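User: I have just opened this one and would like a walk through it. Could you start with a single detail and then widen the view?

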Amino acid sequence: MHCPFCRHTDSKVIDSRTTEDGTAIRRRRACPECGRRFTTIETATLLVVKRSGVTEPFSRDKVVAGVRKACQGRPVTEDQLALLAQRVEEAVRASGVAELPTHEVGLAILGPLRELDLVAYLRFASVYRAFESLEDFEQAIAELRGAEADAEAAAEAALRPHGEQDEDAGVEPGAQPVTAP
Ligand SMILES: [Zn+2]
């Protein structure tokens, strides 16, 4: 970092600390040429705005923690959770905004989680979308069944006819269609 006083091309960090709210790092620097001191503030470019208005850096760990709760008792691995958090970060970064509200992070979680585990998805959605009644669950399940039916219809077109499927045996995205010889 150049010295703002004499434009010397180097400076030395003499102190570095995270701000109280954890969203920035303040660095105290000294110029080896003119000896003057100055402060730089380093902030994350991707901030999440909580409902209270408080901002904090986007954190994959927080995404994983939130999703892990919904995945309790489900056959979901830590690797899958890490990959989901990566996909969520890529999605929110792709939106190109520096700040986004927590509910948009939640929205970005829903899609990948639905692909990962339907039960965990329903649990997460029930909190995120503030389900209040059985009807809310029924509607969400109807949406899932609709999506499943669409996927099955697409698969039916690619596959030769097959018998009854287990409900959980959804069609793997990207799976190679098995074609008859
Ligand atoms: Zn200087």
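Analyst: Let us begin with a side-chain pair: in this predicted model, the side chain of Glu56 makes a polar contact with the side chain of Lys62, at 3.0 Å.

User: Where does Glu56 lie, and is Glu56 buried or exposed?

Analyst: Glu56 lies in strand E5, which covers residues 55–57. Its relative accessibility is 16%, and because buried means under 20%, Glu56 counts as buried.

User: OK, zooming out. Which helices and strands does the protein have, and in what pattern?

Analyst: The secondary structure comes to five helices and six strands, and read along the sequence they follow the pattern β-β-β-β-β-α-α-β-α-α-α. Of the 181 residues of the protein, 25% count as buried. Among contacts between residues at least 6 apart in sequence, 40% join residues at least 24 apart.

User: And what is the confidence like, given the pLDDT?

Analyst: The protein averages a pLDDT of 84, and 85% of the residues score at least 70. Among the elements, helix H1 (residues 60–70) has the highest mean pLDDT, 93, while helix H5 (residues 134–158) has the lowest, 84.

User: Switching to the metal: which residues are the protein donors of the zinc ion?

Analyst: The donors are the SG atoms of Cys3, Cys6, Cys31 and Cys34, lying 2.3 Å from the zinc ion. In sequence these donor residues are spaced C-x2-C-x24-C-x2-C.

User: Why is the arrangement tetrahedral?

Analyst: The four donor atoms around the zinc ion subtend angles of 106 to 117°, and four donors count as tetrahedral if all angles lie between 85 and 135 degrees, so the arrangement is tetrahedral.

User: Are those cysteines buried or exposed?

Analyst: I can speak for two of them: Cys31 is buried, with a relative accessible area of 3%, whereas Cys34, at 33% relative accessibility, counts as partly exposed.

User: What about Arg7, what is its phi?

Analyst: Arg7 has a positive phi of about 65° although it is not a glycine, and in general most residues other than glycine have a negative phi. Arg7 lies in the segment before strand E1 (12–18), and with a relative accessible area of 55% Arg7 is exposed.

User: Take Val88, then. Which residues is Val88 in contact with?

Analyst: Leaving aside its neighbours within four places in sequence, Val88 is in contact with Phe58, Val63, Val105, Ala108, Ile109 and Pro112.

User: Last topic, H4. Which of its residues are buried, and what covers them?

Analyst: The buried residues of H4 are Ala120, Tyr121, Leu122, Phe124, Ala125 and Ser126, and what covers them includes H1, H3 and H5.

User: And what caps the N-terminal end of H4, and what follows H4?

Analyst: Asp117 caps the N-terminal end of H4, with a side-chain oxygen lying 3.1 Å from the backbone nitrogen of Val119. H4 is followed by Ala130, whose phi is positive, near 50°.

Conventions
Residues numbered from 1 in each chain as written. Predicted model: local features only at pLDDT ≥ 70, side-chain atom pairs only at ≥ 80, totals over all residues. Heavy atoms only, no water. pLDDT = per-residue confidence, 0-100. Helix = DSSP H or I, 4+ residues; strand = E, 2+ residues; numbered from the N terminus. Donors = N, O, S within 2.8 Å, 3.2 Å for Na, K, Ca; no water. Tetrahedral: all angles 85-135°; square planar, octahedral: opposite > 155°, others 65-115°. Buried < 20%, exposed > 50% of the residue type's maximum accessible area, 1.4 Å probe, protein only. Polar contact = N/O pair within 3.5 Å; in protein donor to acceptor, adjacent residues only side chain to side chain. Contact = heavy atoms within 4.5 Å.
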